[in-house]
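Please read these notes with the structure open beside you.

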Amino acid sequence: MSAKDGLRRVTEEAEALGFSISRTRNGHLRFDLTGVPAVFFSGTPGDHRAILNGVAKLRRAKRFSQTA
């Protein structure tokens, strides 16, 4: 999986979970959801585990928003 495909997967998952996406000045991705602290993700993930960890981080944040 290329970095571009990985970022696409993370952003698609984030949109499906209801996050809004923006880019920081340093090139990182910022995911915002009301009631949840912002989630940040590298703009250039190093390997496939980074992609999977990013998706897991978004899912945990979404779960946190539903329990709070």
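1. A search of the whole structure, which is a predicted model, finds one aromatic pair. Rings of Phe, Tyr and Trp (for Trp, the six-membered ring) pair if their centres lie within 6.5 Å; planes under 30 degrees apart count as stacked, over 60 as edge-to-face and the rest as tilted. Here the rings belong to Phe 19 and Phe 31, with centres 6.5 Å apart and planes at 85°, so the pair is edge-to-face.

2. On conventions: residues are numbered from 1 along each chain as its sequence is written, and side-chain values use heavy atoms, leaving out hydrogens and water. Because the model is predicted, local features need pLDDT of at least 70 and side-chain atom pairs count only at pLDDT 80 or more, while totals for chains, interfaces and linings use all residues.

3. Where do Phe 19 and Phe 31 lie? Phe 19 is in the loop between H1 and strand S1 (20-23), and Phe 31 is in strand S2 (residues 29-33), so the pair ties together parts that are twelve residues apart in sequence. Helices (H or I, at least four residues) and strands (E, at least two) are DSSP runs, numbered from the N terminus. Buried means under 20% relative accessible area, exposed over 50%, and partly exposed in between (1.4 Å probe, protein chains only). Phe 19, at 5% relative accessibility, counts as buried, and so does Phe 31, at 1%.

4. Helix H1 (residues 3-17) has 15 residues and reaches 21 Å from its first C-alpha to its last, close to the expected 21 Å. That expected span is 1.5 Å times one less than the number of residues. Its buried residues are Gly 6, Leu 7, Val 10, Thr 11, Glu 13, Ala 14 and Leu 17. Seen down the axis of H1, they fall within an arc of 160°, so they line one face of the helix; the arc is that of the directions from the helix axis to the C-beta atoms. The face turned away from this buried side carries the exposed residues Lys 4, Glu 15 and Ala 16.

5. S1 and S2 pair in the antiparallel sense over four bridges; two strands pair if DSSP finds at least two bridges between them. Arg 23 has Leu 29 in S2 as its bridge partner. Five residues separate S1 and S2 in their hairpin, and Gly 27 in the turn has a positive phi of about 90°. S2 and S3 also run antiparallel, joined by four bridges. Their hairpin has two residues between the strands, and Gly 35 takes a positive phi near 85°.

6. Which residues touch the most other members of the largest nonpolar core? Of its 15 residues, they are Val 10, Phe 19, Phe 31, Val 39, Phe 41 and Leu 58. Such a core is a set of buried Ala, Val, Leu, Ile, Met, Phe, Trp, Tyr and Cys residues joined through side-chain atoms within 4.5 Å. The elements giving two or more residues to this core are H1, S2, strand S3 (36-41) and helix H2 (48-67).

7. Val 36 lies in strand S3 and, at 11% relative accessibility, counts as buried. Not counting residues up to four places away in sequence, Val 36 touches Ala 61, Phe 64 and Ser 65, where contact means heavy atoms within 4.5 Å. The C-alpha atoms of Val 36 and Phe 64 are separated by 7.3 Å, although these residues are 28 residues apart along the chain.
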